[in-house]
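Visitor: I have not looked at this one before. Can you walk me through a few spots?
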Amino acid sequence: MTISTPRLKSLPAWQKLKQHYKEISNVHMRELFTSQPDRFDDFSIAWQELLLDYSKNRITEETIQLLVELANECGLPEAIERMFTGEKINNTEGREVLHTALRSNINKPYNIVSGDDVMPEIRAELEKMKDFSDAVHSGRTTGYTGKPFTSVVNIGIGGSDLGPHMVVNALQYYQKDIDIYFVSNVDDADIAKTLKKLDPETTLFIISSKTFTTWETLTNAHTARKWFLQSGADSSALSKHFIAVSSNVPEATAFGVAEENIFEFWDWVGGRYSLWSAIGLSIALAVGYDKFSELLAGAHAMDKHFRTTPLEKNIPVILGLLGIWYDNFFGADSQAIIPYDQYLEYLPSYLQQADMESNGKRVTRNGEEVDYNTGLIVWGTTGTNGQHAYFQLLHQGTRLIPADFLAAVESLNDIGEHHRLLIANFLAQTEALIRGKTVDEARASLEESGLDNEAIEKILPHKVFPGNQPTNTIFYQKLTPFNLGALIAMYEHKIFAQGIIWDLNSFDQWGVELGKSLAKIIYDELDDNEPVTTHGQSTRGLINYFKQKSSMI
């Protein structure tokens, strides 16, 4: 079924927002807080162990009302139901979008539009993951010499790497006595430096590839296979040390994976939404299946919030609408994700794929070229490191860059004054970004330092901070698997909400195909030393340069 909305810029709410932007665009948030004593209460949402404070945004009550009106005119509530009820909203690939089913209540049916209950097969795969994970942790499943596994290597790329890698790193506080490694890059340095750390007798490899044909993944997998066999193991030992997450059973078994060690996931699970599926096996092996279940439960709780909560109090929807506000009306190009939590250091990288692969599109669901911006550029690092790197740009640069700040109320590591100092920085930065420092305030500060008037006037422009930089503040009680699951699902649904308003299919990724197909052509051309005569002038010159230099090695 093709879902379409009217041309976005012609919608009544869009026109109202254009006028509203003209009225509010030059208003400073200092004024907004002064005129609205209860602004924090009015623009914050508490849910479970999570708090979203979005009061530090360039908005009024009218802004939110108009943005919600826009969401309704774009059919967001109906689109949410279509996703949860299993309509084929991935229209370019003719697929349902059912990652929410993967973390649904395991004991309840999940019936979709076609009439099928998808839970029996999900339940069976989760049970298989549990049995395997428990067997590895208990020592019932071992390597070919009988030694227990001490290392697991997940070989995948894109969604088969970024999601589980981020989660395993985030939950390392809960990690079992087993080391988890991730190999994704086809650059030989990635696999080479990982293999140097491993003992073949105690290493388990997970090959994560839905089709078992992904070029980068299979290249790394074959290198790992060769390394393993060169250690002295024979081919009969492969089935003890290599498992697969794939729908291509023949290719996986031909590689040497035992059929009972092939875990399935389905066409209706998009790669960047697959960590909830058997792609998350590395997570279960890292922290135990019980903790993996808690991760699913947190995401399921956020699913229910997203599906049932009115738009104006719906955390993912509010985040999505604020992104629309800054992207399409203020002309912001990017958004920073800044977790003040070292465990979440890979969250910005994960969200780069989740967001930009989903909504980095230039045509609508019906193939019409858009005439508005879509998909903010997502970037960021952990605080406080970012304060000593790119925060200069946030505070005194020329760009408007909305930012999400995330932090735990409660640290998992009770070590001295670290957490209090971290939170002091966390809160101070968001206040500084909105308040800034006026010319008068900067001059007064310099006068107090004892500088003479000439010195003050010389340095004064450098001490002024415009402020008025928007931020969202997200507190969670502590980084538990449940809260992490909720945070990830929150961003998934935010991205979906924005895709609906922009009239995009957020669940395909045709843009990654062109470069991959060209790479296969060039790969074959690099097989000899003969100059090539194809391609454009620049690419041809670069290929021939590489071949010439390579032939001299």
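Guide: Helices here are DSSP runs of at least four residues, numbered from the N terminus. By that numbering, aspartate 188 is in helix H9, residues 188-195. Keep in mind that this is a predicted model.

Visitor: Is aspartate 188 buried or exposed?
Guide: Aspartate 188 has 58% relative accessibility, so it counts as exposed; the cut-off for that is over 50%.

Visitor: Now helices. How do H5 and H14 cross?
Guide: Helix H5 covers residues 76-84 and helix H14 covers residues 289-308; their axes cross at roughly 140° and come within 9 Å. H5 and H14 are therefore oblique to each other, because angles over 145 degrees are needed for roughly antiparallel.

Visitor: Which residues meet there?
Guide: From H5, Ile80, Glu81, Met83 and Phe84 meet Asp303, Phe306 and Arg307 of H14. Sorted by class, this contact has four nonpolar and three charged residues, and no polar ones.

Visitor: Aromatics next. How many aromatic pairs does the structure hold?
Guide: There are 29 aromatic pairs. In one of them, phenylalanine 405 and phenylalanine 426 have ring centres 6.2 Å apart and planes at 55°, so the pair is tilted.

Visitor: Where do those two sit in the chain?
Guide: Phenylalanine 405 is in strand E10, residues 403-408, and phenylalanine 426 is in helix H18, residues 418-435. The pair links distant parts of the chain, 21 residues apart.

Visitor: Why do they count as buried?
Guide: Phenylalanine 405 counts as buried because its relative accessibility is 0%. Phenylalanine 426 is also at 0%, so it counts as buried.

Visitor: Which residues form an aromatic cluster?
Guide: One cluster is made of Trp14, Tyr21, Trp325, Tyr326, Phe329, Phe330 and Tyr372.

Visitor: And which ring does arginine 39 sit over?
Guide: The charged end of arginine 39 is over the ring of phenylalanine 33, 5.1 Å from the ring centre. In another place, arginine 103 lies over the face of tryptophan 276, with 4.6 Å to the ring centre.

Visitor: Last one. Where is glycine 436?
Guide: Glycine 436 is in the loop between H18 and helix H19, which spans 439-448.

Visitor: What does glycine 436 touch?
Guide: Leaving out residues up to four places away in sequence, glycine 436 touches Arg30, Glu431, Glu441, Phe465, Pro466 and Gly467. The C-alpha atoms of glycine 436 and phenylalanine 465 are separated by 4.5 Å, although the two are 29 residues apart along the chain.

Methods:
Residues are numbered from 1 along each chain as its sequence is written. This is a predicted model: local features need pLDDT of at least 70, side-chain atom pairs count only at pLDDT 80 or more; totals for chains, interfaces and linings use all residues. Side-chain values use heavy atoms; hydrogens and water are left out. Axes are lines fitted to C-alpha atoms, for helices over the stretch in contact, and angles run from 0 to 180 degrees between N-to-C directions. Angles under 35 degrees count as roughly parallel, over 145 as roughly antiparallel, 65 to 115 as roughly perpendicular and the rest as oblique. Contact means heavy atoms within 4.5 Å. Ala, Val, Leu, Ile, Met, Phe, Trp, Tyr, Cys and Pro count as nonpolar, Asp, Glu, Lys and Arg as charged, and the others, Gly among them, as polar. Rings of Phe, Tyr and Trp (its six-membered ring) pair if their centres lie within 6.5 Å; planes under 30 degrees apart count as stacked, over 60 as edge-to-face and the rest as tilted. Buried means under 20% relative accessible area, exposed over 50%, partly exposed in between (1.4 Å probe, protein chains only). A charge sits over a ring if NZ of Lys or CZ of Arg is within 6 Å of the ring centre and within 35 degrees of the ring normal.
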